[in-house]
Amino acid sequence: MSENVSQLTDATFDETIGSASEPVLVDFWAEWCGPCKMVAPILDEIADEKVGVINISKVNVDENPNVARRFEVMSIPTMLLFKDGEVAHKIVGAKSKAQLLDELTPHL
C-alpha cells in the first residue's frame with residue numbers, strides 16, 4: 001500500500017474526514033473481496049499522483065462495521081468522495097484508473 005493512503009477506523013473516521021483540507025476518497029473494502037484487490041493498486045497510483053489534490057483512505061468493513069453501516073455500504077468496493085465533511089460522490093464496484101479519474105475529476 002502507498003504511504004499516501006491512510007487506514008481509517010470507526011474511531012478515527014469522523015476526525016479525519018472533518019479536518020481534511022482537500023477531498024477524501026474513502027475506499028470501503030475487505031480482505032476477502034477480489035474486486036477490492038483489483039482496485040487497490042489503482043488507488044495507490046492515484047494517491048501518489050494526486051498528492052495535495054485528493055486524499056485516499058481505506059476502511060476495512062469487517063474491522064469497522066459502524067462506519068460502513070452509517071453510510072449504507074451494501075457492496076464492496078464502494079468508494080465515497082467526501083468534500084467539506086459531506087459525501088459528494090459515490091462509486092460502487094471496481095473501475096479502471098481512467099474511469100475513476102473521469103468520475104472524480106469534476107469534484108476536485
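Colleague: Why is E72 called exposed in this predicted model?

Modeller: E72 has a relative accessibility of 54%. Exposed means over 50%, so E72 counts as exposed. E72 is found in the loop between α3 and β4.

Colleague: What makes the phi of E72 worth a remark?

Modeller: Phi of E72 is positive, about 55°, although E72 is not a glycine. Most residues other than glycine have a negative phi.

Colleague: Which peptide bond in the model is cis, and how do you know that?

Modeller: The bond from I76 to P77 has omega near 0°, and it is cis. Most peptide bonds are trans. P77 is found in the loop between α3, residues 65–70, and β4.

Colleague: How do you know that β4 and β5 pair?

Modeller: Two strands pair if there are at least two bridges between them. Six bridges join β4, residues 78–83, to β5, residues 86–92, so the two strands count as a pair. They run antiparallel. K83 has E86 of β5 as its bridge partner.

Colleague: What lies between the strands of that hairpin?

Modeller: The hairpin of β4 and β5 has two residues between the strands. D84 lies in this loop, and its phi is near 55°, a positive value in a residue other than glycine.

Colleague: Why is D84 called exposed?

Modeller: The relative accessible area of D84 is 79%. The cut-off for exposed is over 50%, and D84 is therefore exposed.

Colleague: Why is E63 called exposed?

Modeller: E63 has a relative accessible area of 61%. That value is set against the cut-off of over 50%, so E63 is exposed. E63 is found in the loop between β3 and α3. The C-alpha atoms of E63 and T12 are separated by 13 Å, and the two residues are 51 residues apart along the chain.

Colleague: What makes β3 mostly covered?

Modeller: Strand β3 covers residues 55–60, and five of its six residues are buried. Buried here means under 20% relative accessible area.

Colleague: How do you know that β3 pairs with β1 and with β2?

Modeller: The requirement is at least two bridges. Four bridges join β1, residues 5–8, to β3, and these strands run parallel. Six bridges link β2, residues 24–29, with β3, also in the parallel sense. Both counts meet the requirement, so β3 pairs with β1 and with β2.

Colleague: Which residues stand opposite K58 in β3?

Modeller: Q7 stands opposite K58, and D27 stands opposite K58 as well.

Colleague: Which hand does the crossing have, and which residues make the contact?

Modeller: α2 passes α4 in a right-handed crossing. On α2 the contact is made by V39, I42, L43, E45, I46 and E49, and on α4 by K97, L100 and L101. Sorted by class, the contact has six nonpolar, no polar and three charged residues.

Conventions
Residues numbered from 1 in each chain as written. Predicted model: local features only at pLDDT ≥ 70, side-chain atom pairs only at ≥ 80, totals over all residues. Heavy atoms only, no water. Left-handed = near helix turned anticlockwise from the far one by under 90°. Contact = heavy atoms within 4.5 Å. Nonpolar A, V, L, I, M, F, W, Y, C, P; charged D, E, K, R; others polar. Buried < 20%, exposed > 50% of the residue type's maximum accessible area, 1.4 Å probe, protein only.
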